[in-house]
Amino acid sequence: MQKPTPGLERPPEYPLSGWVEAGLYVFAIAFLSLTYVVGHRLGAHPIAFVLYAMLASAIVLLAITGPGPNARAIITAPQTLSVGAGTIGMEIFYYQLLAHIAPAHGSLIVRLAIPVSMLVGFFLFKRRPAALAVIGALVVTAGIVPLILLVPAAHRMEVLMVGLASAASFNLRGFSAEFHPWNRQAKTVMDKLQVTGLIVLATSLGSIGLCALAAFLMRLGLFTTSMVPTTAQMLHLPTFLLAALVGSVILTAMAYLGFSAVVKITTENFTATSAFTPVATLLLQVLAGALGLLPVYVMEPGLLPAMGVVVGGVLLILYAARRRR
């Protein structure tokens, strides 16, 4: 059999359905951002809303995949708690972020997770990034910093702290999932969905139980804090209904589309398409405002240039990863 001539090998071919799923995933995230704004307008407490949404998503995922014979082992794995905490924390902090800034603006701020992940990988796991990747991370950071300065001074520090907390939660989830033994063994889309469903089910149920206990203690007057939802906020019907819709439809769709697209077009290509999430968020934000579904946000003059810088930095990091491979 004749060997292919070096340099003339055919490039890998990826099914069109994978690119379509990646695009739908991007718009699903954008739509999720808009539902968080709706949640704020309904008076939904961040923790109650996100926990109910996560629980709804886990129930639907496991209804599709079934719990499987290894459910107990997956739930009791040490990494399950950190994966679940990262998943829930990431959404709670992002929800809080959108209390003060527009969805497109917030979608860019949470890209702080990119330089943070590089720092965590270097200092904790001794992973030395390529020079080109470091440049890309610096470009992303340079695109985000001016956006923080655009936030009104009264909320600037809170937005920065919540954005960093979301980035930290994203990395907690990512690195914990990387070392979760059952997540590493899961190869098919259904296996990934099953593991995700079990992890989120266990952590969301546990968190709801802790919130209910804290709410009960607050009713007894033992302590008070706005960080924990009260009994009234936990039983707020609009919160429950919106969260059930978001979890069962949007979060579940995101889980399927994400895992399926990665299998079909590789992680690098999927991440490249995900870099355009702020663009999709801006488009839906403008459309929802024009239809009167959401407030009409003032377009900050530096938003579009920053968006281009951040997307360019992400693509540079991906190019560096491909070169290293």
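**Walking through the model**

Modeller: K126 is exposed, because its relative accessible area is 67% and the cut-off is over 50%.

Biologist: Where does K126 sit?
Modeller: K126 is in the loop between α6 (113-125) and α7 (131-150). Keep in mind that this is a predicted model.

Biologist: What about the phi of K126, positive or negative?
Modeller: Positive, at about 55°, although K126 is not a glycine. Most residues other than glycine have a negative phi.

Biologist: Back up a bit. How many helices and strands does the protein have?
Modeller: The count is 14 helices and 0 strands.

Biologist: What radius of gyration does the protein have?
Modeller: The value is 20 Å. A compact globule with 325 residues would have one near 20 Å, so the two agree.

Biologist: And the box around the C-alpha atoms?
Modeller: Roughly 80 × 55 × 40 Å, along the principal axes.

Biologist: What share of the residues is buried?
Modeller: Buried residues are 47% of the 325. The accessible surface is about 16,600 Å². Carbon and sulfur atoms account for 71% of that surface.

Biologist: How far apart in sequence are the contacting residues?
Modeller: Take contacts between residues at least 6 apart in sequence. Of these, 85% join residues at least 24 apart.

Biologist: Give me an example. Where is L61?
Modeller: L61 is in helix α2 (residues 46-65). L61 counts as buried because its relative accessibility is 3%. Beyond its neighbours within four places in sequence, L61 is in contact with L193, T196, G197, T252 and A255.

Biologist: How does L61 lie relative to V195?
Modeller: They are 134 residues apart in sequence. In space, C-alpha to C-alpha, L61 and V195 are 9.4 Å apart.

Biologist: Is N183 buried or exposed?
Modeller: Buried, because its relative accessibility is 14%. N183 is in helix α9 (residues 181-185).

Biologist: Next, T80. Which side chain does T80 pair with in a polar contact?
Modeller: The partner is H180, and the contact between the two side chains is 2.8 Å. T80 is in helix α4 (residues 78-97).

Biologist: What else does T80 touch?
Modeller: Not counting residues up to four places away in sequence, T80 touches I74, I75, H180, I199 and T203. At 2% relative accessibility, T80 counts as buried.

Biologist: Now F240. Which helix is F240 in?
Modeller: Helix α12, residues 237-274. F240 is partly exposed, because its relative accessibility is 44%.

Biologist: How far is F240 from L138?
Modeller: Their C-alpha atoms are separated by 40 Å. Along the chain, F240 and L138 are 102 residues apart.

Biologist: Last topic, charges. How many positive and negative ones are there?
Modeller: The protein has 19 positive and 9 negative charges. Their mean positions are 6 Å apart.

Technical notes: Residues numbered from 1 in each chain as written. Predicted model: local features only at pLDDT ≥ 70, side-chain atom pairs only at ≥ 80, totals over all residues. Heavy atoms only, no water. Helix = DSSP H or I, 4+ residues; strand = E, 2+ residues; numbered from the N terminus. Rg over C-alpha atoms; globule rule 2.2 N^0.38 Å. Buried < 20%, exposed > 50% of the residue type's maximum accessible area, 1.4 Å probe, protein only. Contact = heavy atoms within 4.5 Å. Areas by Shrake-Rupley, 256 points an atom, 1.4 Å probe, with all protein chains shown as cover. Lys, Arg positive; Asp, Glu negative; His and termini not counted. Charge placed at Lys NZ, Arg CZ, Asp CG, Glu CD. Polar contact = N/O pair within 3.5 Å; in protein donor to acceptor, adjacent residues only side chain to side chain.
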